[in-house]
Amino acid sequence: MADKHSHNIAVDDEESQSNGSKIQPLNATPPPHDEKRKHQTLTLTELLGLNELASSELWRASVGEVIGTAVLVFMLDTIVISTIDADIKMPNLVLSVLAAVIITILLLAVHPVSGGHINPIISFSAALVGIISMARAVVYIVAQCLGAVLGALALKAVVSSTLEHNFSLGGCTLTVLAAGPNGPVSVGLDTAQGFWLELFCSFIFLFASIWMAYDHRQAKQLGLVLVFGIVGVVLGLLVFVSTSVTGQKGYGGAGMNPARCIGPAIVRGGHLWDGHWVFWAGPAIACVVFYLYTKIIPSQHHKAKAYDHDVYNVFKVMFGTKTM
């Protein structure tokens, strides 16, 4: 990510401003302290963002991730249960449209507080690219998982035990037990299919939508509402495609949000843990592949600035190479 692209673009000052989410224009001529910083070697502690752990701003921002993810899980899982229980013709289509709307609204609501992640995929990929530090990403992911558990607990408190049992709290499933001629049988996808679908859909999610948020010129030109709207639509489409292409009863579609999957699994348990690792491994590998993609494409096609927290810089310092 060439440094020449760092001029005259909007940058996310999540690491340098108190609220971690404002966007400001970057002047063509860097201030004196930025010029001085160019010639300073960043330490491993600074690159990993360990100093942020002592900042109250990080922990206040994480509260936004907790609440945002809790609402996301409560709303999405409620939609999953209600659309399937209503016995409409195309529940996956209705689910996808409603999911796109809910995700867009929540991203806009949480963005001023923490940057609007509410998804470990976004936090992890943002840390790899360097938009946020790895320490902040870890705190955010823990906050998102905590929020997911709270959201699942809230849903458990308001739904009947029958709905909770029949729909597994709307959690992420590869298979379910269904009545068979000789007793209950497991129906759904095998683990390998679920893994590849999770990996492919997570990468497409990053490539087709989140990339616009990372590319600050596009984000500035399109505006937050349109960018987050595209994120919501892409996620909705991927949910629809993943459920339609398999056509398997018992498969809940690509999760593309490990936190949303682990919340109901912790609260409900049971078969939600079957193949649960797929909903973490697939997105994690997709994030790494997406990061490698950002390094491979020609620098003139990438309009975002070079980020200090880029994991490549972390490795250079770890192995004794200076990072400027």
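User: To start, how many helices and strands does the protein chain have?

Analyst: The secondary structure of this predicted model comes to 13 helices and four strands.

User: And what share of the 324 residues is buried?
Analyst: Buried residues account for 49% of the 324 residues in the protein chain.

User: Among contacts between residues at least 6 apart in sequence, what percentage join residues at least 24 apart?
Analyst: For the protein chain, that figure is 72%.

User: Let us turn to α5. How many of its residues are buried?
Analyst: Nine of the 10 residues of α5 are buried, and the helix is mostly covered. The buried residues are Pro-120, Ile-121, Ile-122, Ser-123, Ser-125, Ala-126, Ala-127, Leu-128 and Val-129.

User: Which residue caps the N-terminal end of α5?
Analyst: Asn-119 does: one of its side-chain oxygens lies 2.9 Å from the backbone nitrogen of Ile-121. After the helix comes Gly-130, which has a positive phi near 110°.

User: Where is His-117 relative to α5?
Analyst: His-117 lies in the loop between α4 (91-114) and α5 (120-129).

User: Is His-117 buried or exposed, and why?
Analyst: His-117 counts as buried because its relative accessibility is 5%, and the cut-off for buried is under 20%.

User: With which side chain does the side chain of His-117 make a polar contact?
Analyst: The partner is the side chain of Ser-123, at 2.9 Å. Ser-123 is itself one of the buried residues of α5.

User: Now α11. How many of its residues are buried?
Analyst: Nine of the 11 residues of α11 are buried, so the helix is largely enclosed by the rest of the structure. Those residues are Pro-258, Ala-259, Arg-260, Cys-261, Ile-262, Gly-263, Pro-264, Ala-265 and Val-267.

User: Which helices do the buried residues of α11 pack against?
Analyst: They pack against α3, α5, α6 (134-158) and α12. Just after α11, Gly-269 takes a positive phi of about 70°.

User: Take Ile-262 in that helix. What is it in contact with, leaving aside neighbours within four places in sequence?
Analyst: Ile-262 is in contact with Cys-145, Trp-273, His-276 and Trp-280. The residue is found in helix α11, residues 258-268, and at 15% relative accessibility Ile-262 counts as buried.

User: A change of topic: at what angle do α8 and α12 pack?
Analyst: Helix α8 (residues 191-214) and helix α12 (residues 278-296) pack at about 45°, with their axes 8 Å apart. That angle makes α8 oblique to α12. The crossing is right-handed.

User: Which residues make the contact?
Analyst: From α8, the contributors include Phe-195, Leu-199, Phe-203, Leu-206, Phe-207 and Trp-211. From α12, they include Phe-279, Ile-285, Val-289, Phe-290 and Tyr-293. By class, the contact has 17 nonpolar, five polar and one charged residues.

User: How do the axes of α3 and α4 cross?
Analyst: The axes of helix α3 (residues 56-85) and α4 come within 10 Å and cross at roughly 170°. The two helices are therefore roughly antiparallel to each other, since angles over 145 degrees fall in that class. The crossing of α3 and α4 is right-handed.

User: What classes of residue are in the contact of α3 with α4?
Analyst: The residues of that contact divide into 18 nonpolar, four polar and two charged.

User: Finally, Val-234. Where is it found?
Analyst: Val-234 is found in helix α10, residues 224-246. At 12% relative accessibility, Val-234 counts as buried.

User: What does Val-234 touch, not counting residues up to four places away in sequence?
Analyst: Val-234 touches Ile-204, Phe-205, Ala-208 and Ser-209.

User: And how far apart in space are Val-234 and Ser-96?
Analyst: The two are 9.5 Å apart, C-alpha to C-alpha, and 138 residues apart in sequence.

Technical notes:
Residues numbered from 1 in each chain as written. Predicted model: local features only at pLDDT ≥ 70, side-chain atom pairs only at ≥ 80, totals over all residues. Heavy atoms only, no water. Buried < 20%, exposed > 50% of the residue type's maximum accessible area, 1.4 Å probe, protein only. Polar contact = N/O pair within 3.5 Å; in protein donor to acceptor, adjacent residues only side chain to side chain. Axes fitted to C-alpha atoms, helices over the stretch in contact; angles between N-to-C directions. Parallel < 35°, antiparallel > 145°, perpendicular 65-115°, else oblique. Left-handed = near helix turned anticlockwise from the far one by under 90°. Nonpolar A, V, L, I, M, F, W, Y, C, P; charged D, E, K, R; others polar. Contact = heavy atoms within 4.5 Å.
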